[in-house]
Amino acid sequence: MDTTQLLKGVLDLAVLAVLRDDDGYGYDILRRLRTAGLTEIGDASVYGTLRRLFAAGYLTTYVVPSEEGPHRKYYALNPAGRTQLKQGGDVWREFASTMNTLLRERA
């Protein structure tokens, strides 16, 4: 099964989830998503999602100077983002439970 379409539907929630405990910059967030198992995710998708979540009011940003390269723009969840993560997580768990029930093999 091609997971590309599934990933499009949950990428916002996945990005919010990886920012739950630690702020991060674009490449760091991409690395965390891939380490978590979303290996097919593209960098353009993550950067577009970050811009969209920021525009929606779910993230704040700040810049950290770097001595090794360009400054890094960090993203952090704000209260609206935490609320969105909670609500999105509830919807996801209910959806996944329904799908698990539908897909359960009969003995």
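Hi everyone, a word on ground rules before the structure. The model is predicted, so to speak, by the record's own terms: local features need pLDDT of at least 70, side-chain atom pairs count only at pLDDT 80 or more, and totals for chains, interfaces and linings use all residues. Residues are numbered from 1 along each chain as its sequence is written, and side-chain values use heavy atoms, with hydrogens and water left out.

Let's start with the overall view. The protein has 4 helices and 3 strands, where helices (H or I, at least four residues) and strands (E, at least two) are DSSP runs numbered from the N terminus. Along the sequence, they come in the order α-β-α-α-β-β-α. The C-alpha atoms fill a box of roughly 60 × 30 × 20 Å, taken along the principal axes. Of the 107 residues, 30% count as buried; buried is under 20% relative accessible area, exposed is over 50%, and partly exposed is in between, using a 1.4 Å probe and protein chains only. Among contacts (heavy atoms within 4.5 Å) with a separation of 6 or more, 45% come from residues 24 or more positions apart.

Now to helix α1, residues 4-18. How much does α1 bend at Val10? The bend there is about 55°, taken as the angle between axes fitted to the seven residues ending at a position and the seven starting there. The buried residues of α1 are Leu7, Leu11, Leu13, Ala14, Val15, Leu16 and Val18. Their cover includes α2 (26-35), α3 (43-55), β2 (59-64), β3 (72-77) and α4.

That brings me to the partner helix, α4, residues 79-103. α1 and α4 pack at about 125°, with axes 10 Å apart; axes are lines fitted to C-alpha atoms, for helices over the stretch in contact, and angles run from 0 to 180 degrees between N-to-C directions. The two helices are therefore oblique to each other. On that scale, under 35 degrees is roughly parallel, over 145 roughly antiparallel, 65 to 115 roughly perpendicular, and the rest oblique. The crossing of α1 past α4 is left-handed, meaning that the near helix is turned anticlockwise from the far one by less than a right angle, with clockwise for right-handed. From α1, the contact uses Val10, Leu13, Leu16 and Ala17, and from α4 it uses Gly81, Gln84, Leu85, Gly88, Gly89 and Trp92. By class, that is 6 nonpolar, 4 polar and no charged residues. Here Ala, Val, Leu, Ile, Met, Phe, Trp, Tyr, Cys and Pro count as nonpolar, Asp, Glu, Lys and Arg as charged, and the others, Gly among them, as polar.

Next, the other helix pair. α2 and α3 pack at about 120°, again with a stated axis separation of 10 Å, and that makes α2 oblique to α3. α2 passes α3 in a right-handed crossing. Gly26, Tyr27, Ile29, Leu30, Leu33 and Arg34 of α2 meet Asp43, Val46, Tyr47 and Leu50 of α3. This contact has 7 nonpolar, 1 polar and 2 charged residues.

Thr83 lies in α4 and is partly exposed, at 43%.

Thanks, everyone!
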